Amino acid sequence: MIESLFNERFLKDFPLSQYTSFRCGGKVKYLIYPETIDEVKIIIEISKKYKKDFLFIGKGTNILVSDNGFDGIAISTLKMKKTTIKENKIIGECGLEISEILNICIKNSLTGLEFLAGIPGTIGGAIKNNAGLKTEWISEKITYVEYLDVENLDIIKKERKDIYFYYRRSGFRNEFIWKVEFLLEKEKQIEIKKRISEYMKERIRKQPLGYSAGSIFKNPYPYYAGELIEKCGLKGYKIGDCYISEKHANFIINRGKGKSQDVYNLIKIVKQKVKEKFDIDLELEINIIGEFK
Ligand SMILES: Cc1cc2nc3c(=O)[nH]c(=O)nc-3n(C[C@H](O)[C@H](O)[C@H](O)COP(=O)(O)OP(=O)(O)OC[C@H]3O[C@@H](n4cnc5c(N)ncnc54)[C@H](O)[C@@H]3O)c2cc1C
């Protein structure tokens, strides 16, 4: 029944290695691309009826999926991109990619989000983990979030002041983040473009290329995870086809044939070495999906 509802937006046994920026991970039983919030509700209702687990997935740039995959339903937001612009406010649906919202900002002469330039995910994923830079976070630019409570399928609108946000953390757990309103300021397009290009240059200078999920660990204030890992002598450390970047030690790179378990084993080694040397427990920034050894 669900298959005929979504047609080509319903995929079975889809290898998530083709979806995630890490380019590793096993198959998901069902991958569905809803276009509306009502379709999201239908998928959740069906998954409950048939006792199937479900997860939300944006662009897949902040997740590590087990090589055993996910025996449930992945609900992709990549076809939910509706946008409304009201003066200096943009209301965007969760599947809008950061590069797309930045283009909307340029087109409408709106400034405030340039610091997100080069982050490859969607705004839904960015809100979930309060994405941004060291001191600039996406949560500071929003006024409210509309989300779906997956228990009773109610849509709730919450003001920013009532949502818990911290460094790479938000109060959202299992909720489906649907819409976000950004409060921005008017600015000349040329200035916005200039700022975006400065942020991009800085990113290119600091970050390695290759298949990754960005920074693996949160920075344990007042330290930097990358520096601690580097001081443990782990730059370049390799397992299988995955290694700790020489350019930035908080990045793990998959050269192409790496397994998720290789990434996970590198994570375990890093955590152990940093704990031994500095007595610091590194906390993951990326989201782990499925079972690992
Ligand atoms: C090269 C590179 C550089 C990066 N640089 C940065 C950086 O500078 N700063 C930074 O903060 N991050 C960075 N990231 C990480 C990542 O791009 C961001 O966290 C991004 O916002 C994640 O969005 P996504 O759509 O890819 O989320 P996904 O990886 O698809 O999902 C991440 C989490 O959010 C959940 N999720 C996604 N959409 C929804 C939704 N609509 N409702 C509820 N839950 C949802 C997922 O279930 C998962 O738990 C980088 C990643 C890469 C690969």
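**Around the ligand**

A: Helices here are DSSP runs of H or I with at least four residues, strands are runs of E with at least two, and both are numbered from the N terminus. This is a predicted model, where local features need pLDDT of at least 70 and side-chain atom pairs count only at pLDDT 80 or more, while totals for chains, interfaces and linings use all residues. Residues are numbered from 1 along each chain as its sequence is written.

Q: OK, which residues come nearest to the ligand?

A: Gly58, Gly121, Gly124, Gly125 and Gly214, out of 30 residues around the ligand. A residue counts as near if its C-beta atom, placed from the backbone, lies within 6 Å of the molecule. The elements giving two or more residues to that shell are strand 3 (54-57), helix 4 (123-128) and strand 13 (176-183).

Q: And where does the ligand lie relative to domain 1 and domain 2?

A: Between them, because domain 1 (2-76) and domain 2 (83-206) both give residues to the shell. The domain bounds come from an automatic or database domain assignment.

Q: Switching topic: how do strand 9 and strand 13 pair?

A: Strand 9 (residues 142-149) pairs with strand 13 in the antiparallel sense over six bridges; pairing needs at least two DSSP bridges between the strands. Tyr147 stands opposite Ile177 in strand 13.

Q: What about strand 9 and strand 10?

A: Strand 10 (residues 154-159) runs antiparallel to strand 9, and six bridges join them. Leu148 has Ile155 in strand 10 as its bridge partner. The hairpin of strand 9 and strand 10 has four residues between the strands, and Leu153 takes a positive phi near 60° there.

Q: Last one: how many helices and strands does the protein have?

A: Seven helices and 18 strands. The radius of gyration, taken over C-alpha atoms, is 19 Å, close to the 19 Å that the globule rule (2.2 Å times the number of residues to the power 0.38) gives for 293 residues, so the protein is as compact as a globular protein of that length.
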